[in-house]
Each structure stands twice: as structure tokens, then as C-alpha cells.
Amino acid sequence: MVNASRRSVLKGAGALALATTLSTPSIVRAQEKALRIGQLGVMSGPEASWGLVNKYSALATAEMWNDKGGYEIGGTKYKIEIVSVDDRNDPKLTVSGAERLTGSENIRYFIGPNTDTTATSVRPIAEKNNAIYFPYAFARSLYTKPAENAILGMIASYQVAPIMYQQLKEQRGVKTIGFVARNDSDGLLQRDEGVKVAQTLGLEIVSSSDTYEPTITDFFPVMSNLVSLAPDLIVLSSAAPAHAPQMMRVARELGFQGLFACEAAQDIKIINEVAGEYGDGLISIGGASTPEIRSPYMEEFIARYTKVAGEWNDEAGTKAYALEILLATLAAAGPEAIDDIAPFKAAIDGFSMKNPFLKEESQLTYVGTGDFGQKRQIGVPMVITETKGGAFTTFAISSVAS
Amino acid sequence: MAASLDAIAGRAPERMGGVSRVLLTLLPLAAVLYGLIPVLFAGQPYWLNVMTNGAVLSFASLGVWLTFAIGRVNIAQGAFALLGGYVTALLSTLYGVSFWLCLPASALVAALVGAAIGWPLLRLRGIYFAMVTLSLTEAMRLAFLNAPGLGGGGILNIPRPAGLDTPLAFYLFAATLLLAGYLLVWRLATSRIGWVFRSMRQNEELALSIGIDVARYRVVAFAICSAMGGVAGGCFASLQQNIYPASYTVSDSINFMLYCFLGGLDFVLGPIVGTFGLVIAFELLRSIQEYQALLYGILMIVVMLFLPNGVISLFPLLVRRFGRGAS
Amino acid sequence: MEQILVNGTILAANYALIALGITLIFSIMNVLNFAHGQMFMLGGLIVYYVCVVLHLPYALALIAAVVIVGLIGMLFEDVFFQRVMRISNREENTMLLAVGTSLLLENAALSLFGEKQRAIPPIVSGVYRIGNAFLPASRALVLVLSLVLIAAVLVFVNYTKTGRAMRALAQDRTATLLMGVDAKRISTLGFGLGAALAGVAGGLLISISGVNAGIGTAISTKAFIMIMIGGAGVISGSLLGAVVLGFAEAIGYALIPGSVTYLLIFVALIVFLLFRPQGIMGKPAA
């Protein structure tokens with residue numbers, strides 16, 4: 001059933017047998033071999049965009065390789081199939097979705113889920129069924145021993161903050177800083193981590209107590225307080241792409257002159273639509289792909305992504321990495337890794353490939369020893385961007401220490 | 001409406017004896033839960049997990065059904081599931097208490113809190129009670145989010161229950177729990193208390209005037225409901241090994257209410273049929289991905305349009321038709 | 001201090017449109033419209049589509065939102081709610097239907113408009129100063145439009161024949177039927193008007209902050225809070241509820257920094273209802 005649906009998305013993949021039922025684990029087609037990769041995440045409701053970007057990114061990468069005849073692992077070319085499961089950000093559905101992927105569908109590798117709540121719920125299933133997963137959630141316990149099946153797909157906010165604030169302090173002379181956080185677990189944790197970093201750097205914290213409900217419709221009351229304290233920098237902790245531009249517009253309308261910073265990825269189209277003329281001066285963690293640093297391969301990916309999803313989303317610049325590095329690691333580990341994660345795990349530490357998405361020559365590896373004590377993070381380049389004239393421009397490029 | 005409920009409650013031959021009446025009601029459900037489902041899905045952890053979700057959610061919905069029985073639309077079950085989840089999480093991670101003790105503790109705390117909040121709130125009726133319980137769900141989430149000591153975050157690494165290592169074992173436990181819950185609610189609904197509940201739903205003033213301590217019965221029903229929600233929350237916390245303030249939100253509370261509606265408010269079996277129906281329908285609709293949730297909504301509307309009194313109301317309808325055909 | 005007043009006034013005006021709509025529907029039909037927030041969201045997204053995708057003027061977009069969402073409301077009432085109310089045993093069963101329609105609208109919007117936050121370029125720019133307070137021109141415009149619409153609705157229900165029939169129907173259904181009012185038509189119109197108000201509120205808000213497909217449930221919850229404060233089914237109560245919630249939010253965010261504003265609102269609401277179960281303006285239950 002999942003196969004049938006995936007094909008309806010993978011338009012042009014050809015009419016294939018739809019007769020996969022619940023109990024049949026997989027179809028083996030005559031000539032070509034298939035490599036099935038799962039994707040589990042929130043794809044409906046308010047957070048739908050998080051999982052959908054994962055899905056579209058994986059589909060785009062899969063299509064690109066399939067057009068070239070498949071991905072070569074151990075001398076055999078495999079067609080890549082993406083099996084998507086929507087968990088609606090509900091841990092109950094995540095658990096059954098993970099059982100579905102790793103149990104019924106017998107898939108060993110999947111991308112997602114998207115939040116701490118769902119990712120920590122998946123852990124027992126993934127460990128029981130021997131699967132590797134690539135969450136986009138920051139909970140440290142997922143990546144720290146004894147856990148060893150999760151690989152963080154992006155850069156965590158607590159890895160961004162020290163570098164970002166340091167750069168702002170040195171390059172822009174930021175001395176005072178204020179925080180406003182989303183009132184949920186992620187937002188409050190990110191704020192607390194940010195406050196610690198600011199203290200270490202010797203910045204003066206003017207306020208760190210303002211928060212807003214995730215369901216807010218008007219930021220005027222929330223921002224009034226903070227703007228009146230006139231800090232050099234306002235940090236929008238864990239601000240959703242939907243909210244950050246609203247907060248910027250309101251703060252500017254209230255007369256705020258300083259800079260904004262956000263450790264989460266933002267969306268330039270939304271910033272232009274929502275904040276319009278007030279959209280400048282946001283320092284955020286970019287989608288690892290500003291025009292200045294893109295390789296032709298990234299351009300190709302962007303074109304394909306746009307075809308799959310309808311429009312480009314800057315977040316996909318980060319999410320492009322998961323399937324690409326997953327496939328390359330499988331190739332390095334050899335064909336037996338397809339059904340057994342042990343060789344894959346063994347290959348992680350020594351793995352290195354040319355980063356296909358960057359114009360400049362650089363290596364893509366797994367990182368994370370500093371934060372997690374083991375390499376359980378994709379070494380996505382940390383591209384810090386600044387909004388200027390309706391576009392993301394490169395503010396600083398850095399990386400997570402291995 | 002009362003007639004149909006009474007018909008169910010009093011359908012078994014009058015003096016058949018308690019035991020056989022219980023068996024008559026329990027056996028078909030037990031056969032499905034212990035026979036059909038394990039045989040069908042034994043080797044499929046995914047479906048076993050779906051069925052486990054269905055069973056535990058049904059258990060919580062049964063509680064909500066009980067508040068429907070006293071004429072209150074309860075949209076607070078998510079709050080008590082959250083509370084129960086946190087009780088189990090805190091006891092097992094901080095003090096290493098066994099799951100088998102955490103669960104009754106969750107029930108107890110949820111029942112006490114339910115009684116304390118319910119005592120004044122149950123004076124409200126109709127839409128006001130519905131909306132205030134909805135607010136309660138939000139309030140509970142915010143309370144845990146801001147609780148000092150919890151740091152706004154969730155609790156992770158909750159141990160899995162000892163002895164329930166396989167999906168099948170957990171499923172069988174959930175099925176047993178559901179059966180016990182069903183027995184409890186069925187027993188309440190068919191006893192004198194059930195009669196009291198019904199008379200309260202139809203006319204509280206009248207019930208009061210014939211000397212029923214309405215306030216006490218209301219609180220008892222609500223506390224039992226809350227306890228069942230707490231147990232469900234505790235189960236899920238140890239099944240998922242985590243709990244977050246956002247684990248149960250308003251939409252969860254609304255879902256518990258919907259399960260009851262969908263199955264049929266006039267039948268104790270209603271919440272079970274409604275829960276399993278919607279949970280399984282959602283999984284089957286996965287094949288159409290982006291339209292999954294859309295069709296789920298349409299399905300709900302269609303059921304309402306043609307079976308506004310719940311799916312189970314189809315059966316008396318059929319029985320009547322066949323009965324007429326035969327005679 | 002002035003800023004709090006300005007903030008509260010803007011919030012209250014927008015909330016009032018939402019509360020007015022849900023109250024109309026509740027008082028006439030006795031249906032708790034769980035899909036109200038989704039109708040709000042749809043109104044916003046329609047304005048986005050007309051303005052940003054079709055490049056048509058904002059005024060036209062607002063009219064489109066009113067007409068389309070209003071028609072959806074009338075369609076729902078005519079096709080779904082009337083039938084279910086006729087054949088179901090309990091009135092509460094319409095709740096399930098309302099939740100079904102909310103899921104339907106939300107997911108239809110997700111398919112049609114995508115998952116992203118949508119907003120439109122500001123209609124007017126500039127910022128006014130009132131004492132120490134800032135009032136951006138775009139917000140001032142929304143405030144004025146909201147107040148005009150609220151006044152128009154009040155005039156309609158108080159001074160027109162159809163409007164009076166709606167009020168009569170809300171007060172005493174049986175008596176109104178006996179007086180020969182076409183209750184079916186009035187109910188459909190009332191539902192449509194309530195929905196249209198939600199749509200226009202969304203259409204106004206998208207010009208100052210933006211709307212996404214998932215915002216519905218949050219808006220519905222706020223609408224419920226307002227009618228609980230004011231008194232369900234009473235028009236003056238809904239306006240009062242909007243003012244109370246708007247100012248509670250504005251004051252709370254300003255004076256109680258930290259995350260407890262909404263927790264306090266909920267706790268206060270629950271306590272308040274214990275003493276006044278029918279809300280501020282509602283009549284005590286019979």
C-alpha cells in the first residue's frame with residue numbers, strides 16, 4: 001500500500017504493480033534491484049512542512065539517481081524507492097509507523113522523525129529492529145551512547161549559538177542581547193542554552209523571560225517589552241519559519257534598530273512575503289546552500305526538488321544531505337550493509353566523501369564526537385546567513401568539530 | 001434514546017444470573033481480542049502495535065463514555081492521560097518504581113485530581129462543560145511545561161515494563177486491560193449506578209428530587225473516567241519510553257470524544273468500536289498519503305450523515321429489518 | 001502603558017469578529033462550530049491567493065474571502081448539519097460532524113495552498129505614535145475595518161427583518177416557527193454569516209501577521225474561550241469576551257513575562273466559570 005502511494009508521488013516512475021498488500025514485505029522485480037529507504041515524519045497539521053521537506057528532498061535525490069540507472073553498491077545498480085509514513089507529530093503514530101517501516105516493510109534505514117517527542121519514541125523500535133535513522137531533533141540522548149542507531153541530520157541549535165554569537169560580537173559589535181522563546185519544550189531549552197552561551201561570551205543579557213504560545217496570531221504584545229529595552233541583538237529561540245518574519249516586522253514597526261538571530265532555519269520566501277521591507281538583518285542558520293557556495297550538483301538538486309515539491313524551500317539545502325550520505329556510506333560499507341546495519345555502523349567512523357553540494361573542494365564526513373562522544377551527526381556545513389535585500393547572503397561559514 | 005440503551009442493558013433474559021450475562025457480553029469481545037487479532041497479526045509487529053494503540057485508546061475512551069453517560073461532553077481526557085504519563089514517568093525514572101506499581105499510581109493520582117477538579121466543574125453543563133474541559137487540557141499541558149524542576153522538557157528513557165518485551169506481549173497486556181475496563185464500565189452501566197447515571201442524564205433536577213446525591217455520582221463517574229485516562233497515559237509513556245508536555249494536546253482530547261460518538265453513545269461497546277474503527281481506518285488510508293487526513297475527515301462526515309447515532313446503531317437497524325422480514 | 005492599551009484594542013477587535021461569528025452559529029443552530037478556526041484560516045488563504053497569486057487588489061480579495069467562506073458555511077449547514085440534526089438522537093452528535101468538517105477544511109487547504117506560512121505585502125506602510133505607543137498604519141487599518149464590520153453586523157441583526165428573525169430564532173425556536181418564519185432559510189443564512197465573519201477576520205489578519213493551514217484549532221480554542229467568558233449565544237457577550245481576552249493577552253504578555261500568561265488565563269477562566277457558569281452576559285440556565 002505504501003508502495004502504491006509512493007508511486008503516485010513519483011510521477012513518471014511508470015505504472016507498476018499496485019498489488020502490494022499489508023502482509024507482503026516487498027516486491028522483487030525481475031531485472032533491477034530495488035533499495036528501499038524509509039522516511040518517517042510529520043506531514044500534516046501545523047508542522048507539516050518539516051516532514052514534507054524531508055520527503056521531497058529524499059524523492060528528489062532518489063529520482064536523480066534513478067534517472068542515471070540507479071545507485072551503484074558493490075557493482076550492482078539499485079533503483080531507490082522512498083517509502084514515506086506520516087506520523088502527524090503524534091508519538092503513538094510514530095511508533096506504529098516505525099514498526100511498519102522496520103518491521104513489516106523490512107527497511108533498515110530511514111530518514112526522520114522531526115521532533116524530540118517523536119524521535120525519542122522511535123528509539124526503542126529502531127534498536128529492537130536494528131535500523132539506522134536520521135532524526136532532525138536535538139535531544140542529546142539519541143546520539144550519545146548507549147544509543148547508537150540515530151544520526152543527527154542537521155546542526156543542533158546548541159552547536160550554532162556559540163559560533164553565531166561570537167561572530168556577531170566580533171563582526172558587528174553586539175554587546176547587549178535579548179531572548180524571546182516559543183513556549184514549548186524546544187523553545188525553552190534552546191533559549192536556556194543560548195543564555196548560557198551569551199554569558200560565556202560576556203554579553204549583557206537584557207531580558208530572557210519573554211515567551212509566546214506556538215498558537216499566537218499577533219506578536220505585538222510579546223515584542224513590545226523586549227524592543228523597549230533596545231538590545232543590540234534579539235535572539236528568536238526556536239522560531240518557526242512562520243513566526244520569525246512576523247516577529248521581525250513587529251519589532252521594526254516598534255522602532256527596533258538592532259539585529260535578529262535565530263538558530264533554526266528560516267524561509268526567505270516567507271520572510272519576503274511577511275516581513276517585506278523589514279526583512280533585513282536576520283542572522284540565521286542557513287539551509288547549507290547559499291548561491292555563492294553551491295555546486296552545479298546542488299543546482300540540479302534544486303531544480304529537481306522544485307519539480308517534486310512545486311517550490312524550493314531553503315531548508316532542503318540541509319535536508320539534501322541525508323539520503324546522499326546514506327547511500328555513499330552504504331556503498332562504502334558494501335552490499336551486505338543493505339540488510340544489516342553492523343557494517344554500516346563500522347563504516348561511519350572512517351567515512352569520507354567529496355561534498356557534492358559545495359563548489360569548493362571539501363570533504364563530507366560524520367561528526368559529533370565533541371557533543372555526543374561518537375560520530376553520530378552528518379557533517380553538514382554550518383552556513384550562517386544574513387537576510388539582505390530579500391535574499392540570504394553568506395554571513396559566516398563554519399562547521400561542527402568532528 | 002433511553003429506550004435503546006435500556007434495551008441493551010436489559011436485553012439479556014431477566015433472571016439469567018450475573019455470571020452468564022457477563023460471559024455473554026464478554027465472550028465475543030474476548031474472542032476478537034485474544035483469538036482473532038493475535039492469530040491474524042502474530043508475526044507483524046506493526047499491526048500488533050496498531051492494535052495495542054487501539055486497545056489502550058479504547059480503554060481511555062471508555063472512561064469518556066462514562067461521562068457521556070451522565071450527560072457531560074468531556075474533552076479533558078488528554079489532560080489526565082498526560083498526568084498519568086508523568087506520574088509513571090517520574091516514579092519509574094526517579095525512584096525506579098516498577099511499571100506494575102506505576103500504573104495504579106497513575107490511576108490514583110488522575111482519579112484524585114479528577115475528583116478535585118470535577119467536584120466544582122461538574123456543575124457546568126452542555127457546551128460550557130465541553131469547553132471548560134477543553135481548556136483544562138490546554139491548562140494541563142501548560143502546567144507541565146512550566147512546572148519547576150521539569151525544565152519545560154520531557155522525561156526520557158522511561159523503562160519498558162518488565163515482562164512485556166515483545167509487541168505481542170504488550171498487545172496481550174493492552175487487550176487484557178481493555179477487557180477489564182470494558183467489564184468495569186459494562187458492570188457500572190447495567191447496575192443500579194447505571195440507572196442512576198441515565199436518570200441524571202435525562203433530568204438532573206428530577207434525579208435530585210427523588211433523593212439521588214447527584215453531585216457525588218457525577219464526581220464518581222468523572223474520577224473513574226480520569227483514572228482510566230491516567231492508566232492509558234502511563235501505558236503509552238512506557239510504550240514510547242518518553243513523555244512531553246506536548247504528548248497530549250487538545251486534538252487528543254477531541255479524538256477521545258470522537259471515538260465515543262463514532263461508535264455510538266448508546267452502547268458500552270461504542271467507544272471500543274469507534275476507536276478501533278478510526279485507528280484502523282487511519283492506518284489503511286496511509287496508501288493515499290497526502291489525502292490520508294482529508295479522507296479521514298470525509299469519512300467522519302459520511303458516518304455522521306448516514307449513521308448519526310454511531311456505527312453500532314447499524315446493528316439494531318439490521319436486526320429490526322431482518323426481524324420484520326422473518327415474521 | 002499606552003502600548004498595552006493599543007495592543008489590547010487591536011487584539012480585541014480581531015477577536016471580536018471571530019467571537020461574533022461563532023456566537024451567531026451557536027445561538028441560531030446550537031452547533032459548536034469546531035471548524036470556525038479553519039474557516040478563519042481559509043479566509044486568510046483566499047485573500048493570499050487573490051492578492052499575491054492573482055495580483056488583484058486587497059478589497060477584492062476580502063470580498064472573495066467573505067463570499068467563498070460564507071458559501072461554504074451555507075453549504076455545510078444545508079447539506080450536513082440540517083440532516084444530522086434531523087435524524088440523530090442527541091444534539092451533541094453535531095459536534096462530531098463539526099470536527100469532521102474542520103478536518104476536511106484543514107486538509108483541503110493543505111492540499112490547495114501548501115504547508116507554508118502565507119502573508120501579503122502591507123497594504124499601507126508607516127507607523128503612528130500615540131503618546132508613547134506605536135501603532136503601525138497597517139494595524140490601524142485592520143482595526144478600523146474590524147470596527148466597521150462589527151458595527152455593520154450589529155446593525156444587521158438589530159434593525160433588519162432577516163437579522164431580527166435570526167435573533168428571534170436564537171431566543172425561542174418554537175415561538176419563531178409558529179410566527180411563520182422560514183427557519184430553514186434563516187438558519188442557513190445565519191451559518192453563512194457566521195462563517196463569513198470568520199473568513200473576513202482571517203482575511204484581515206493575514207495582512208498584519210500571516211496565516212498557515214494548521215492555525216485553525218488554535219483559533220477555535222480562542223473562540224471557545226471568548227464565548228465562555230461572555231456567555232454562549234449572546235452577541236453582546238461575545239464582544240465582551242473578545243475584549244476581555246484581547247486585553248488579558250496584552251496585559252499578560254507585558255506584565256508577566258515568562259510563559260504563564262495563557263496558563264493563568266485558563267485557570268482564571270475555570271475559576272470564573274465556577275462562580276458564573278453562564279458567562280458574564282449569559283442568562284442563567286433554566
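Colleague: What pattern does chain B follow along the sequence?

Modeller: This is a predicted model. Read along the sequence, chain B goes α-α-α-α-α-α-α-α-α-α-α-α-α-α. That is 14 helices and 0 strands.

Colleague: How compact is chain B?

Modeller: Its radius of gyration is 20 Å, close to the 20 Å that the globule rule gives for 327 residues, so chain B is as compact as a globular protein of that length. The C-alpha trace of chain B spans about 65 × 50 × 40 Å along its principal axes.

Colleague: And what share of chain B counts as buried?

Modeller: 57% of the 327 residues. As for contacts in chain B with a separation of 6 or more, 80% are between residues 24 or more positions apart.

Colleague: Which residues of chain B does UniProt list as "transmembrane region"?

Modeller: The UniProt entry, which is unreviewed, lists 21-41, 47-68, 80-97, 103-122, 168-189, 219-244, 256-282 and 294-319 of chain B.

Colleague: Take 80-97 of chain B. How much of that is helix in the model?

Modeller: Residues 80-97 of chain B are 83% helix and 0% strand, with the end C-alpha atoms 20 Å apart. Another of the listed spans, 219-244 of chain B, is 85% helix and 0% strand, and its end C-alpha atoms lie 28 Å apart.

Colleague: Confidence next. What does chain B average in pLDDT?

Modeller: Chain B averages 85, and 91% of the residues score at least 70.

Colleague: Which elements of chain B have the lowest and highest mean pLDDT?

Modeller: Helix α1 of chain B, residues 2-9, has the lowest mean at 40. Helix α4 of chain B, residues 77-94, has the highest at 96. The pLDDT is below 50 over residues 1-16 of chain B. That stretch has 17 contacts in the model beyond near neighbours in sequence.

Colleague: Over to chain C. How many helices and strands there?

Modeller: Chain C has 11 helices and 2 strands. From the N terminus the order is α-α-α-α-β-β-α-α-α-α-α-α-α. The radius of gyration of chain C is 19 Å, close to the 19 Å from the globule rule for 286 residues, so chain C is as compact as a globular protein of that length.

Colleague: What are the dimensions of the C-alpha trace of chain C?

Modeller: About 55 × 50 × 35 Å along the principal axes. Buried residues make up 61% of the 286 in chain C. Of the contacts in chain C between residues at least 6 apart in sequence, 76% join residues at least 24 apart.

Colleague: And the pLDDT of chain C?

Modeller: The mean is 87, with 98% of the residues of chain C at 70 or more.

Colleague: How many residues go into the contact of chain B with chain C?

Modeller: 39 residues from chain B and 39 residues from chain C. On the side of chain B that touches chain C, α6 (126-146), α11 (250-263) and α13 (292-306) of chain B each supply at least two residues. The largest share of that side comes from α6(B), with 14 residues. By type, the side of chain B that touches chain C divides into 30 nonpolar, 5 polar and 4 charged residues.

Colleague: How many residues are in contact between chain A and chain C?

Modeller: 31 residues of chain A are in contact with 30 residues of chain C. Several elements of chain A each supply at least two residues of the side that touches chain C, including α2 (48-67) and β7 (204-212). α7(A) gives the most, 5 residues. This side of chain A divides into 12 nonpolar, 13 polar and 6 charged residues.

Colleague: Still on chain A, what's the strand order in the open sheet of 3 strands?

Modeller: The order is β11-β12-β13 (chain A), with antiparallel pairing. β11 (352-354) and β13 (377-378) of chain A are at the edges with a single partner strand each, so one side of each has no neighbour in the sheet.

Colleague: How many bridges join β11(A) to β12 of chain A?

Modeller: 3 bridges, and the two strands run antiparallel; β12 of chain A covers residues 363-367. S352(A) stands opposite T365(A) in β12(A).

Colleague: Last one, what are the ipTM and pTM?

Modeller: The model scores ipTM 0.84 and pTM 0.85.

Key: Residues numbered from 1 in each chain as written. Chains lettered and ligands numbered in written order. Predicted model: local features only at pLDDT ≥ 70, side-chain atom pairs only at ≥ 80, totals over all residues. UniProt positions renumbered as here; feature names shortened; annotations may be inferred. Helix = DSSP H or I, 4+ residues; strand = E, 2+ residues; numbered from the N terminus. Contact = placed C-beta atoms within 7 Å. Nonpolar A, V, L, I, M, F, W, Y, C, P; charged D, E, K, R; others polar. Pairing = 2+ DSSP bridges. Rg over C-alpha atoms; globule rule 2.2 N^0.38 Å. Buried ≥ 20, exposed ≤ 12 C-beta atoms within 10 Å, placed from the backbone. pLDDT = per-residue confidence, 0-100.
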